[in-house]
Amino acid sequence: MSDIIGTTSPAISPTTSTSGLPTLQDGFLLSLARNGSNNTQNSPGNGMGSTSLDSALRKDSVGVPNQERSQSRGSDTDVQMSGHSHNNGNGDRSGSLVSPTTSRKRQSVDGVEYPRRRATIACEVCRSRKSRCDGSRPKCRLCIELNAECIYREPGIKLDAGDKLILEHLSRIENLLQNALPSPSHSHHGASPTVSAATGLSDEILMKSTLNLAAINGQQIGQGTWNNTNISSMPKVHSTPALNLLQWPKISQLVSRPYGPQHLLQLELSRAPLQLNSSLTLDLSNTSAYVSAYFERVNVWYACVNPYNWTSYYRTALSQGFRSGAESCIVLLVLALGNASTRGSISRISPDEDPPGMSYFSTAWGLLPSLMTRTTMMSAQCMILSAAYLFYIVRPLEAWTLLSSTSMKLQLLLSTNPPAMLPTADRELSERVYWNTLLFESDLLAELDLPHSGIVQFEESVGLPCGFEEEDEEPVVGGRDDLWYFLAEIALRRLLNRVSHLIYSKGTSTSITSLAPVVAELDYQLTQWYESLPIPVQFPHSRVLLSNPVQTVLRLRYFACRTIIFRPYILAVLENEKLGMDVTVRENCRKALEACIRQLEHITEHHAGHMPYLWQGALSMVSQSLLVMGATMSQNLASLLPPAEQMDIMFQDVIAEVERYAHLAPSLRLSAEIIREAEDRRQIYLRNHNMRM
């Protein structure tokens, strides 16, 4: 990859988008830009180049005055970027990303390094006077000098100025969507309909084209007892799952029987339990290679194992003979995931062969019962790593069972020991375990009708990770504390959940006209997410194949989000072909279809995310394929697609890929059968309607 040219923090002040709604620059993106460079070192293994970050230091958090930032962060960690540039001797200006060791210091513009500054929890007096509080208990120094009552806010509220603006404007956007946007029942009564000069379609037709995306044919998903009002969390009732598309006009003709998301869940519920072979030999001869593989290829996705105290963990596990304790369990799970990462996608491994790493996982599984009864962050960490391996072997419900238990532990721990009150190392681990739990759960809730655990209620009180602190011991060889992907995924997952809330949640029923500002705003936020990515992980929009797996996965996730933002316009045209002549509707349909094709045209790109996203990726392939298949059955939409022969080849590649996954899970077997039947019936439909060119 070309040399990194530096990163800057995005502005966090609100602006106004073309939709007329307040724009939202997610605080997670702000933290991503601020934190990213602190937590990745230059390594050929991750495909990242070198960087100069002095400009980022000079442009600290555009849009927020320095004094305001220092006082508004409260208990939030003050995260800085550090780095330097140099000449490599060939006349090329380059720099090296700071290592995890040196990342504990930040560098001023003149090159002088000084210790990383951490803000304390400010008392009310210091906040009102805009003075720096030393955080002393029961009284800070200023309150002692003033003989004033020293009152601290409730701990655990880690919101900086950007986060507060986000929450305020999320509420404003939600109110606008509920109150300001016209509903079909109150649209243009008694007025003469205007006519679009571009299409000849009247506004009345557009307004009457009402979409109820949350209840197509009564198919809804979502259950649970927790009252979810956060639009950045997955709604309890929504219609985003892949198989909901089978209720849409034309697409419903591609299958011979009705299907829905509940069919996938029933298949997984009736699945034979996981059989673990306790007689497998625990081979410790390759532990060094598997540990290195874990930190080079796996920890980037989950970021929940500290490379700086790994040696002490391993020594403790070795002294216990890997037979007891959280350290033993963590080491075994790292070996399991590291071993798995050396073999590529599990879809390419023979069904007769044990999955790579199974011997380590089986041994770790035997330790879990005792750890599950402990309410500690390390036991929760063990369960997160176990869930990661279960996702790798495509056991989504078993992973959900572990995550539900993890969620209960975390909610108790976070209630009794707020992260802001924890020592730095403990706080960092708790933040990473929390966000992993929330991300895993959101991905599952996006496709399966599962109860919500309620873990999202702590989202505002748990900060973002900013880097493990170095310890006295040397880090594991090859160990890196990469946070760029993890932070980017947190921000994108929140946006995906926001899309589900604003477009696909229960009760969402709006006209094409009133949908436009919502879609424009969400698309703007997706663009802001992309532009805020640090250069090493900011993927190109071109169709070039990428060697960096992080960039590849983020690009696929970007286009998946773009698809569901614009997907309602495809439904509108499938319901009313005349809408395909409207310029705006047609352009938004083009954006949705282009995003679909970008995920399908090079189907093997999905192998880059085989560790965290194989199951979700397979369902995404099915979803995008069904959408494009439906488009080929519409005269107006088909004209937006590449030539028919190219589409046929693409669909055959998708079918072959999904069929390779069929043996891994019954839900994927059904998905493969559906997509195969859909293509056969599509070809028949096109021939019968003389739509084959």
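## Asn-306

Asn-306 is buried, with a relative accessible area of 8%, which is under the 20% cut-off for that class. The model is a predicted one.

A polar atom of the Asn-306 side chain lies 2.8 Å from the backbone nitrogen of Tyr-308. Leaving out residues up to four places away in sequence, Asn-306 touches Phe-295, Phe-468, Glu-469 and Glu-471. Arg-480 is 174 residues away along the chain, yet its C-alpha atom and that of Asn-306 are separated by 8.7 Å.

## Thr-437

Thr-437 belongs to helix 15 (residues 424-445). Is this residue, Thr-437, buried or exposed? Thr-437 is buried, because its relative accessible area of 1% is under 20%.

Apart from neighbours within four places in sequence, the residues in contact with Thr-437 are Ile-384, Leu-403, Thr-406, Ser-407, Leu-410 and Ile-455.

## Helix 12 and helix 13

Helix 12 (residues 358-372) packs against helix 13 (residues 377-392) at an angle of about 145°, and the axes are 10 Å apart. The crossing of helix 12 with helix 13 is left-handed.

On the helix 12 side, the contact is made by Met-358, Phe-361, Trp-365, Leu-368, Leu-371 and Met-372. Helix 13 contributes Ser-379, Cys-382, Met-383, Ser-386, Tyr-389 and Leu-390. Sorted by class, the contact between helix 12 and helix 13 has 10 nonpolar and 2 polar residues, and no charged ones.

## Helix 22 and helix 23

Helix 22 (residues 644-661) and helix 23 (residues 666-688) cross at roughly 160°, with axes that come within 8 Å. Angles over 145 degrees count as roughly antiparallel, so helix 22 and helix 23 are roughly antiparallel to each other. Their crossing, that of helix 22 and helix 23, is left-handed.

Which residues of helix 22 meet helix 23? They are Asp-648, Phe-651, Gln-652, Ile-655, Val-658, Glu-659 and Tyr-661. Facing them in helix 23 are Leu-668, Ser-671, Ala-672, Ile-675, Arg-676, Glu-679, Arg-682 and Gln-683. The contact of helix 22 with helix 23 comprises 7 nonpolar, 3 polar and 5 charged residues.

Conventions: Residues are numbered from 1 along each chain as its sequence is written. This is a predicted model: local features need pLDDT of at least 70, side-chain atom pairs count only at pLDDT 80 or more; totals for chains, interfaces and linings use all residues. Side-chain values use heavy atoms; hydrogens and water are left out. Buried means under 20% relative accessible area, exposed over 50%, partly exposed in between (1.4 Å probe, protein chains only). Contact means heavy atoms within 4.5 Å. A polar contact is a pair of N or O atoms within 3.5 Å; within protein, one must be able to donate a hydrogen and the other to accept it, and residues adjacent in sequence count only if both atoms are side-chain atoms. Helices (H or I, at least four residues) and strands (E, at least two) are DSSP runs, numbered from the N terminus. Axes are lines fitted to C-alpha atoms, for helices over the stretch in contact, and angles run from 0 to 180 degrees between N-to-C directions. A crossing is left-handed if the near helix is turned anticlockwise from the far one by less than a right angle, and right-handed if clockwise. Ala, Val, Leu, Ile, Met, Phe, Trp, Tyr, Cys and Pro count as nonpolar, Asp, Glu, Lys and Arg as charged, and the others, Gly among them, as polar. Angles under 35 degrees count as roughly parallel, over 145 as roughly antiparallel, 65 to 115 as roughly perpendicular and the rest as oblique.
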